[in-house]
Amino acid sequence: MTAPLDGIKVVDLATLFAGPLAAAFLGDFGADVVKVEHPAKPDPSRGHGPARDGVGLWWKVLGRNKRTVTCNLSDPQGAELLRRLIADADVLVENFRPGTLERWGLGPDELHAVNPRLVIARISGFGQLGPYAPRPGFGTLAEAMSGFAAATGEPDGPPTLPPFGLADSVTALAAAYAVMLALRGRDLTGRGQVVDLAIIEPIMAMLGPQITWYDQLGYVQPRLGNRSNNNAPRNTYRCADGRWVAVSTSAQSIAERVLRLVGRPELIDEPWFATGSGRAAHADELDAAVGAWVAKRDRDEVVAAFEAAQAAVAPVYDVRDILADPQYAALGTVVTVPDEDLGEVRMQNVPFRMSASPGEIRHAGRRHGQDTDEVFRALGVTDDELAALRARGAI
């Protein structure tokens, strides 16, 4: 079966999360992704988080479906190797601080002189222009500056950051989408282009109409904990067995079903119950009604009762629940991937299904520089040249 991106060559210069994950998404659908790392300073994600027998597990996910080479881009001979590598490439992904590639003679003008069809995805904290462009930037800063942290957390608590790379992951999806648009544009014009992604922007785009609310009404989204200003009941509720469920009532009919289920049908007749904002204004009363009912029952009983009533509920899962859940099993959300270091490793699968050309995780992240000789030999580099390049630290 032919993958949608068969024949597309991606050169991944990025480190840590947003850029490498964007390249991984492209590799999942058949792109030949060549991961370029510094000979002495591998992608830091190889050492992030828990490891098994000294093997970093985060890298196994982030480096999936990639061939790995080493190349010192600040060395003139290493820079020349990159020019040879991108001569027949379709996409380059980088996340150096703006100006770094230009300093090495590898800016877009120089790269497009070698390959005018190249799509260059530049991912940085604050973008390629503006007063903050030179600053170092990470997803945490984007989560703070985008408005996400200010609107997240309990009303009387501090702004809250997610315990994982949310802004980076959202940026990776946006970057993969932008690259596909640029490739389509190349189909029409015959030329590549530069994609400029600031990590502070994609997560802001996910935050709904906050800017429009403020522009038109002067309204600033407050921290509401698990509640919403748009509907109620909407919260997490603790069950009798100590586990939790989440309830959402975005639709009026669902809200009515929930209140009937928990034995408080009289609230449905209140004038304020007829709108989401009206219910949100009475969230204390509605939460008390739902919470008291849920607290008397184990989680499985609560979920079964909600399902029978056709009301919207979900158990609050941790990773152990995810791996045991039949819905995720039916979707194939978790896949077992072969790996040279670990034998097999489970990870999230491609996040959607395509009927004719599905994606696939063919292998987990490979060792540092594992494919250097193979990739550069294919460019015409001889074994003697490889040895000389290694001796000077260029690869």
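Let me start at one residue: Ser-228 touches Arg-234 and Ala-280, leaving out residues up to four places away in sequence, where touching or contact means heavy atoms within 4.5 Å. This is a predicted model, in which local features need pLDDT of at least 70 and side-chain atom pairs count only at pLDDT 80 or more, while totals for chains, interfaces and linings use all residues. Residues are numbered from 1 along each chain as its sequence is written, and side-chain values use heavy atoms, with hydrogens and water left out.

Back to Ser-228. Its place is the loop between α9 and β9 (235–238). Helices (H or I, at least four residues) and strands (E, at least two) are DSSP runs, numbered from the N terminus. Is Ser-228 buried or exposed? Ser-228 is buried, because its relative accessible area is 14%; buried means under 20%, exposed over 50%, and partly exposed in between, with a 1.4 Å probe and protein chains only. The Ser-228 side chain also reaches the backbone nitrogen of Asn-230 at 2.9 Å. That is a polar contact, meaning a pair of N or O atoms within 3.5 Å; within protein, one must be able to donate a hydrogen and the other to accept it, and residues adjacent in sequence count only if both atoms are side-chain atoms.

The peptide bond joining Ala-232 and Pro-233 is cis, with omega about -5°. Helix α9 itself, residues 210–217, is hardly covered: among its eight residues the count of buried ones is zero. Just after α9 comes Gly-218, with a positive phi of about 70°.

Asp-53 has a phi near 55°, positive although the residue is not a glycine. Asp-53 is in the loop between β3 (51–52) and β4 (55–56), and counts as exposed because its relative accessible area is 72%. Gln-310, also not a glycine, has a positive phi of about 55°. Gln-310 is in the loop between α13 (299–308) and β11 (313–315), and is exposed because its relative accessibility is 55%.

Now the sheet. What is the order of the strands in the open sheet of six? The order is β5-β2-β1-β6-β7-β8, with parallel pairing; two strands pair if DSSP finds at least two bridges between them. At the edges are β5 (66–70) and β8 (194–198), each pairing on one side only. From one strand to the next, the twist averages 20°. Axes here are lines fitted to C-alpha atoms, for helices over the stretch in contact, and angles run from 0 to 180 degrees between N-to-C directions.

Strand β1 (residues 9–12) runs parallel to β2 (residues 32–37), and four bridges join them. Within that pair, Val-10 has Val-33 in β2 as its bridge partner. Helix α1 (residues 18–28) packs on the sheet and touches β1, β2, β5, β6 (91–94) and β7 (119–124), with its direction at about 160° to that of β1.

Val-10 comes up again in the largest nonpolar core, which has 49 residues: Val-10 and Val-91 touch the most other members. A nonpolar core is a set of buried Ala, Val, Leu, Ile, Met, Phe, Trp, Tyr and Cys residues joined through side-chain atoms within 4.5 Å. The biggest contribution to this core is from α7, with eight residues. Beyond four places in sequence, the contacts of Val-91 include Val-10, Val-179 and Leu-183. There is also a second, separate core of 26 residues, including Val-69, Cys-71, Leu-118 and Ala-394.

On to another strand pair. Six bridges join β12 to strand β13 (residues 343–348), and the two run antiparallel. The hairpin between β12 and β13 passes through three residues. Pro-338 has Glu-344 in β13 as its bridge partner.

Last, the overall layout. The domain assignment gives domain 1 (9–206 + 352–392) and domain 2 (234–316), with bounds from an automatic or database assignment. The centres of domain 1 and domain 2, taken over C-alpha atoms, are 44 Å apart.
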